Amino acid sequence: MEKSSVTKQIGVKIREFRKAKRMTQEQLAERVATNPSYIGKLERGEQNVKIQTLEKIAEALDVSTFALFDFDQFEEIRRHDIVWNAISLLLEQSESDQRKALAVLEALFKPY
């Protein structure tokens, strides 16, 4: 029996957020107290997920549970590799460093 497209879309969202955080399946599994093969099955849409587990995954990825249901959130950004890579890099930084990076970008690109 094939899983629903929602199950697959949630899996895609988990993978996108995990990769944006530069986290492995093993690291995510450890934070959620499960095994990496389960995370892999979720990401491939092969396994249904309980709401409680989804909440743990969202917390581990530092996103809202509802973000995992927002299926169009990254579609446009992913088409631009440089922008996607910049966002991924910024997500790894502290808020203070993110603000510094924003100030540099604003200084470079804002009209005078």
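**Helices and burial in a predicted model**

Me: Is Val104 buried, partly exposed or exposed?
Reply: This is a predicted model, in which local features need pLDDT of at least 70, side-chain atom pairs count only at pLDDT 80 or more, and totals for chains, interfaces and linings use all residues. Residues are numbered from 1 along each chain as its sequence is written, and side-chain values use heavy atoms, leaving out hydrogens and water. Val104 lies in helix α7, residues 95–109 (helices are DSSP runs of H or I, at least four residues, numbered from the N terminus). With a relative accessible area of 49%, where buried means under 20%, exposed over 50% and the range in between partly exposed (1.4 Å probe, protein chains only), Val104 is partly exposed.

Me: What is the relative accessible area of Thr7?
Reply: Thr7 is found in helix α1, and leaving aside residues up to four places away in sequence, Thr7 touches Leu42, Gly45, Gln47 and Asn48 (contact means heavy atoms within 4.5 Å). Thr7 is buried, with a relative accessible area of 12%.

Me: Why do the buried residues of α2 lie on the same side of this helix?
Reply: In helix α2, residues 25–32, the buried residues are Leu28, Ala29 and Val32. They lie on the same side of α2 because the arc they cover around the axis, taken from the directions to the C-beta atoms, is only 100°.

Me: Which helices do the buried residues of α2 pack against?
Reply: The face of α2 turned away from its buried side carries the exposed residues Glu30 and Arg31. The buried residues of α2, by contrast, pack against α1 (5–20), α3 (36–43) and α4 (51–61).

How values were computed. Helix = DSSP H or I, 4+ residues; strand = E, 2+ residues; numbered from the N terminus.
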